[in-house]
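Trainee: Could you show me how to read helix packing and salt bridges in a model?
Mentor: Gladly; let's look at the structure together.

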Amino acid sequence: MGTAEPREVLSRVLRRTGLAFPRGVVGEEVAALAAALETPGTPPQRLDRLVADAAEALWPELAASTAAALRMHRARAVEGDAGDLEVALGWAETDDPGNPLARALVVRAAQELAASLARAERILAQAEPSVAGGGRGAAVAAARAVGAAAVALLDLDPEDYAPEIAEYVEAGEDGDALDRLTRRTGDIETRAWAREALRVLGPRAAPRAGAAARELASEEPPEDPAEDAVWVPVMLALVEEAFERALAAGNGADAAS
């Protein structure tokens with residue numbers, strides 16, 4: 001029986017494990033690859049160079065956590081999966097950023113980022129008329145759009161902040177409750193990642209809203225999350241999404257009864 005091709009092994013491992021780089025750690029190199037993947041006619045040589053650049057940037061930081069995740073999957077794998085996982089683990093345990101697993105994960109990260117950028121740009125496009133109109137309404141619309149766009153770009157989920165959101169709602173959703181919510185959730189790394197993600201937004205679909213997003217993301221996050229013009233809208237967007245999910249779940253339960 002012949003040895004499976006690396007591409008076949010990678011396809012099976014990624015499909016069965018869902019292995020992926022954390023959205024918040026992708027940077028300029030992955031953003032450049034995402035843009036190239038979305039651009040028709042990008043030469044294969046340029047794509048290969050961009051994949052290599054992104055792998056070189058990310059693999060030194062993520063190799064250890066990737067190997068740990070694969071060991072966990074291997075420990076509970078059924079017999080048919082164990083061989084693939086062993087091969088993938090061998091790639092994960094090398095320092096070489098050119099190994100097939102590193103390159104595959106970089107491409108997956110770029111594809112996911114491209115999809116997230118498309119969602120974020122749709123959000124900004126919806127806000128564009130209000131932002132372009134000027135005045136106080138424009139500032140509010142821009143902030144709401146920035147929050148929702150950052151949620152999409154970082155793949156944040158209200159379930160990740162369920163206790164904090166519940167506390168905010170129980171406290172009456174006033175200004176003090178919002179300050180507590182943002183301070184409990186706004187670690188400096190995540191707030192910095194939100195800015196990095198917003199900075200790569202292009203002006204194609206929404207020039208005014210996109211410019212507002214990049215302007216808000218242009219400065220370093222303040223020490224106090226409650227004063228963070230990016231993080232406060234992010235948490236409000238997550239609260240709104242949590243309400244929408246709760247409403248949909250309630251309507252589904254009513255329909256089933």
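Mentor: A crossing is left-handed if the near helix is turned anticlockwise from the far one by less than a right angle, and right-handed if clockwise. Here the crossing of α3 and α4 is left-handed. This is a predicted model, where local features need pLDDT of at least 70, side-chain atom pairs count only at pLDDT 80 or more, and totals for chains, interfaces and linings use all residues. Residues are numbered from 1 along each chain, and side-chain values use heavy atoms, without hydrogens and water.

Trainee: At what angle do α3 and α4 pack?
Mentor: Axes are lines fitted to C-alpha atoms, for helices over the stretch in contact, and angles run from 0 to 180 degrees between N-to-C directions. Helix α3 (residues 44–75) and helix α4 (residues 79–92) pack at about 160 degrees, their axes 9 Å apart. That makes α3 roughly antiparallel to α4 (over 145 degrees).

Trainee: Which salt bridge does Asp84 make?
Mentor: A salt bridge puts a side-chain nitrogen of Lys or Arg within 4 Å of a carboxyl oxygen of Asp or Glu. Asp84 meets Arg16 at 3.8 Å, N to O. The pair links distant parts of the chain, with Asp84 in helix α4 and Arg16 in helix α1 (residues 6–17), 68 residues apart. Arg12, Arg16, Asp81 and Asp84 are linked in a network of salt bridges.

Trainee: Is Asp84 buried or exposed?
Mentor: Buried means under 20% relative accessible area, exposed over 50%, and partly exposed in between (1.4 Å probe, protein chains only). Asp84 is buried at 10%, whereas Arg16 is partly exposed at 44%.

Notes
Helices (H or I, at least four residues) and strands (E, at least two) are DSSP runs, numbered from the N terminus. Angles under 35 degrees count as roughly parallel, over 145 as roughly antiparallel, 65 to 115 as roughly perpendicular and the rest as oblique.
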